[in-house]
Amino acid sequence: MQDKRYTLPAPAAKILARLPAFPGSWLFVQGLNLALARHMPADVQQRLEGKKLRLRVDDAGLAFDFEWRNGAFAACPRQAETDLTIGAASHDLFLLARREEDPDTLFFSRRLALEGDTELGLLFKNTLDALEAPAFDLGMLAPGRVLAHLRRSRVSP
């Protein structure tokens, strides 16, 4: 468990909160697809199909809306209702992605929020815990790797 907790400075959060939602969601799902899509088991893909999800970065005032559609994560316009919203501070989300913090610890310390379909949240958490994928590596998001992935998948914004 990490002892130090960081939050974005308020001026940075104010700027980030003004960004339009959809381009951010599109960029976010490109990273998700690059890191996770090929690891998603078929039964989980079926259960996630068409479910509206939101990742909320509380200290940044950002939210990324997306769904699992046709074998990949897809960005969605801002939704009034979602099936599942996951929210935490940017630092806590980074620690989760790096597998340096346990989601249960964050949840029970009220640093990670799950809202909506809790069964879907548990499915998502257990799937991520069971993946053999390495911890999140910022190098995966290097411009050359992302562009190569986009060329291979022929995804357009």
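Buried means under 20% relative accessible area, exposed over 50%, and partly exposed in between (1.4 Å probe, protein chains only). This is a predicted model, where local features need pLDDT of at least 70, side-chain atom pairs count only at pLDDT 80 or more, and totals for chains, interfaces and linings use all residues. Residues are numbered from 1 along each chain as its sequence is written, and side-chain values use heavy atoms, with hydrogens and water left out.

**View 1. Strand β1 pairs with β2 and β4.** Strands here are DSSP runs of E, at least two residues, and helices are H or I runs of at least four, numbered from the N terminus; two strands pair if DSSP finds at least two bridges between them. β1 (residues 52-57) runs antiparallel to β2 (residues 62-69), with 6 bridges. L55 has F64 as its bridge partner in β2. β1 also runs parallel to β4 (residues 84-88), joined by 5 bridges, and V57 stands opposite A88 there.

**View 2. R111 meets D92 in a salt bridge.** That term takes a side-chain nitrogen of Lys or Arg within 4 Å of a carboxyl oxygen of Asp or Glu. The closest N and O atoms of R111 and D92 are 2.5 Å apart. R111 sits in the loop between α5 (103-108) and β5 (112-116), while D92 belongs to helix α4 (residues 90-97), 19 residues apart. R111 counts as buried at 10% relative accessibility, and D92 is buried too, at 2%.

**View 3. E100 pairs up with R98.** Their closest N and O atoms lie 3.4 Å apart. E100 is partly exposed at 35% relative accessibility, as is R98 at 30%.
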